[in-house]
Amino acid sequence: MEFSKCYTGEIDLSLNKKYVHLENTYTKMLRGAQVQKFYITDDISQGDILYLDDVLYLKENDTPRSKHHCEKRIVMQGITGVNEKYRLKMTIADEGMFCANSVNYLICGEMIYYFLGLLNSHLLNWFFAKLSTNSNVNGYEVDNIPIKIANDALMREVESTVQSLLEEPNNQQMLQELDAVVYKIYSLTEDEQKIVEQRYRREEK
């Protein structure tokens, strides 16, 4: 992915554990299990919601990555099972949110909604599942995902649909509309689309 580099979350839960707390008097930190397709949840089955003493962390850490929380980012789960329906589960983290090292992220500037739409699509999930052989969503694998820049009209269509999905992440009609426009961007034939969709129909049975 030549438009951004995939980073690991800036807060290493082992090396930076002195900054990490369970008390919600600190700043909430994002863990991988909280990241879902187009939304963030606090309803996680394993582990606790964690908080960061960001004042102390920033006082003692002055690196480029320690400043990435100032950017709006695409965040994704750093580990997903190889047999899961979606290997890429991504959403937006707003400025000011810190990421644990179970989260990977991309900084994409003005094209953030467009890239999020492509990366959450059936097509690029299918492609990633073909590449990845273990449960880690490795940065280098994300970096190797082929990103195609659409014309202005299709790009706006993706961005508009993604912004709606961030409000209604389980809206099946909008999810289908997103997949349809991504197929168009990548110029897939109907037969090629059927090959991709077989994976999702099979897993829905």
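In this predicted model, Tyr57 and Phe98 are both buried. The two rings form an aromatic pair of the edge-to-face kind, with 6.0 Å from centre to centre and 90 degrees between the planes. Distant parts of the chain are linked by this pair, since Tyr57 belongs to helix α1 (residues 54-60) and Phe98 to strand β9 (residues 98-99), 41 residues apart. Together with Tyr19, Tyr57 and Phe98 make up one aromatic cluster. The count of aromatic pairs comes to 5, and among them is the pair of Tyr114 and Phe115, which is tilted, with 5.8 Å between the centres and 55 degrees between the planes. Tyr114 has a relative accessible area of 0% and is therefore buried, and Phe115, with a relative accessible area of 1%, is buried as well.

Aromatic rings also take part in contacts with charged side chains. Lys37 lies over the face of Tyr86, at 3.7 Å from the ring centre, while the charged end of Arg199 sits over the ring of Tyr200, 5.8 Å from the centre of that ring.

Strand β7 (residues 73-77) is largely enclosed by the rest of the structure, because 5 of its 5 residues are buried. The covering extends to both faces of β7, with Arg73, Val75 and Gln77 buried on one side and Ile74 and Met76 buried on the other. Strand β7 pairs with strand β8 (residues 90-93) in the antiparallel sense over 4 bridges, and 4 bridges also join β7 to strand β10 (residues 103-106), again in an antiparallel arrangement. Ile74 illustrates both pairings, as its bridge partner in β8 is Ile92, whereas in β10 Ile74 stands opposite Leu106.

Lys28 forms a salt bridge with Asp42, the closest N and O atoms being 2.6 Å apart; Lys28 lies in strand β3 (residues 27-30) and Asp42 in the loop between β5 (39-40) and β6 (50-52), 14 residues apart. Lys28 is partly exposed at 33% relative accessibility, and Asp42 is partly exposed at 41%. Lys72 and Asp94 meet through their side chains at 3.9 Å, N to O, and they connect the loop between α1 and β7, which holds Lys72, with the loop between β8 and β9, which holds Asp94, 22 residues apart. The relative accessible area is 25% for Lys72, which is partly exposed, and 45% for Asp94, which is also partly exposed.

Helix α6 (residues 172-185) comprises 14 residues, and at 1.5 Å a residue it should span 20 Å; its end C-alpha atoms are 20 Å apart, so the two values agree. The N-terminal end of α6 is capped by Asn171, a side-chain oxygen of which lies 3.2 Å from the backbone nitrogen of Gln173. Within α6, the buried residues include Met174, Leu175, Leu178, Asp179, Val181, Val182, Tyr183 and Ile185. Just after α6, Ser187 takes a positive phi of about 60 degrees.

Technical notes:
Residues are numbered from 1 along each chain as its sequence is written. This is a predicted model: local features need pLDDT of at least 70, side-chain atom pairs count only at pLDDT 80 or more; totals for chains, interfaces and linings use all residues. Side-chain values use heavy atoms; hydrogens and water are left out. Helices (H or I, at least four residues) and strands (E, at least two) are DSSP runs, numbered from the N terminus. The expected span of a helix is 1.5 Å times one less than its number of residues. Buried means under 20% relative accessible area, exposed over 50%, partly exposed in between (1.4 Å probe, protein chains only). A polar contact is a pair of N or O atoms within 3.5 Å; within protein, one must be able to donate a hydrogen and the other to accept it, and residues adjacent in sequence count only if both atoms are side-chain atoms. Rings of Phe, Tyr and Trp (its six-membered ring) pair if their centres lie within 6.5 Å; planes under 30 degrees apart count as stacked, over 60 as edge-to-face and the rest as tilted. A charge sits over a ring if NZ of Lys or CZ of Arg is within 6 Å of the ring centre and within 35 degrees of the ring normal. Two strands pair if DSSP finds at least two bridges between them. A salt bridge is a side-chain nitrogen of Lys or Arg within 4 Å of a carboxyl oxygen of Asp or Glu.
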